[in-house]
Amino acid sequence: MYNLSCYNPSSFILVGIPGLEKFHMWIGIPFCVIYVVAVVGNCILLYLIATEHSLHEPMFFFLSMLATTDLLLSTATVPKLLSNFWLGSQEITFSGCLTQMFFLHFSFVVDSAILLAMAFDRYVAICFPLRYTTILTPQVIVKLMVSVVVRSFSIILPDVFLLKRLPFCRTHTIPHTYCEHIGVARLSSADISINIWYGFAVPLMTVISDVIFIAVSYAFILRAVFQLSSQGARQKALSTCGSHVCVILMFYTPAFFSILAHRFGHSVPRNVLILFANLYVAIPPALNPIVYGVKTKQIQDKFILLFSLKKSQ
């Protein structure tokens with residue numbers, strides 16, 4: 001019975017942000033505001049793309065996928081964080097912990113792949129404008145999105161089984177606000193070298209390779225832009241990439257900072273790292289629809305039209 005309970009623990013305890021327990025009530029307020037902005041902004045974006053025929057283009061289809069994944073990323077973590085901070089609900093079942101961990105990492109890898117697909121879309125639009133509709137056909141887009149989901153699912157699913165094989169006899173207390181692969185694995189009394197190596201390999205197979213391909217895409221894009229003779233054409237071409245570049249920077253910069261801080265920032269207090277990790281999963285989903293709303297004229301026009309119609313009714 002003892003061994004069985006080690007391999008099938010009933011639940012874990014999510015501490016929250018260690019050292020800042022007395023501020024949990026106040027820390028939850030900005031996270032709640034950010035989450036509401038993320039849900040409302042991404043839902044409006046999805047509604048506009050779904051209902052407006054003029055937005056039924058490859059770029060906006062990729063954007064709708066990004067909005068859906070952002071909703072998944074923030075919903076996988078922030079509601080549990082708020083229930084922990086405001087209601088004192090620190091307990092999470094073992095299956096709930098694995099589910100949260102899966103959707104957290106899955107949505108992160110999907111987000112990265114979608115940003116690569118959007119970079120490819122901009123590359124085709126600027127480098128091969130006359131062949132854009134023949135290259136990015138609806139069939140090609142569907143195949144791209146299916147491959148993104150299948151790749152992410154097949155890469156993250158082993159994390160679940162790598163954790164299920166471990167015994168958790170020492171402690172069930174997680175010094176964090178959510179479950180993530182290596183953080184949970186470190187609670188085990190067994191050898192977790194496979195978890196560590198796989199956790200190291202996944203970013204290399206997905207995120208790092210995506211960043212390299214995005215950089216290559218933009219190298220070709222910049223070369224094509226600066227070969228244009230007209231200054232106005234250059235500005236127009238670059239402006240179509242502006243919102244995508246902003247989203248790329250918001251997504252990858254804090255991610256790499258967080259990874260480097262965890263690996264090498266041993267002098268950084270744990271509560272700062274955990275607070276930053278929570279901001280990372282909460283803020284980009286809230287800012288992405290705002291960036292695209294401000295920088296993409298088609299979405300801006302439809303957004304203004306939507307609310308002007310509601311006011312007139």
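Predicted model: local features only at pLDDT ≥ 70, side-chain atom pairs only at ≥ 80, totals over all residues.

User: At what angle do α2 and α10 cross, and within what distance do the axes come?

Analyst: The axes of α2, which spans residues 24-51, and α10, which spans residues 270-295, cross at roughly 30 degrees and come within 7 Å.

User: Which residues of α2 and α10 meet there?

Analyst: From α2 the contact takes in I27, F31, I34, V37, A38, G41, N42 and L45, and these meet L275, N278, L279, A282, I283, P285, A286, P289 and I290 of α10. Sorted by class, the residues of this contact are 14 nonpolar and three polar, with no charged ones.

User: Switching to the sheet, in what order do the strands lie?

Analyst: The sheet is open and has three strands in the order β2-β1-β3, with mixed pairing. Strands β2 (91-93) and β3 (173-174) are at the edges, each pairing on one side only.

User: How does β1 pair with β2, and how with β3?

Analyst: β1 and β2 run antiparallel and are joined by three bridges, with F12 standing opposite I92 in β2. With β3, strand β1 (residues 11-14) pairs in the parallel sense over two bridges, and there L14 stands opposite I174.

User: Which helix packs on that sheet?

Analyst: Helix α4, residues 94-127, packs on the sheet and touches β1, β2 and β3, its direction making about 85 degrees with that of β2.

User: New topic: how many cavities of 30 Å³ or more are there?

Analyst: The count comes to one cavity of 30 Å³ or more, and the largest cavity has a volume of about 40 Å³.

User: What lines the largest cavity?

Analyst: Its lining consists of M59, M118, D121, R122, T240, S243, H244 and Y292, which by class gives three nonpolar, three polar and two charged residues.

User: Which helices each supply at least two residues of that lining?

Analyst: Those are α4 and α9 (231-264), each giving at least two residues to the lining of the largest cavity; α4 is also the helix described above as packing on the sheet.

How values were computed:
Residues numbered from 1 in each chain as written. Heavy atoms only, no water. Axes fitted to C-alpha atoms, helices over the stretch in contact; angles between N-to-C directions. Helix = DSSP H or I, 4+ residues; strand = E, 2+ residues; numbered from the N terminus. Contact = heavy atoms within 4.5 Å. Nonpolar A, V, L, I, M, F, W, Y, C, P; charged D, E, K, R; others polar. Pairing = 2+ DSSP bridges. 1 Å grid on protein atoms, 1.4 Å probe; cavity = no way out; pocket = protein on both sides within 12 Å on 5 of 7 lines; lining within 4 Å. Points joined across faces, edges and corners; volume = space filled by probe spheres on them.
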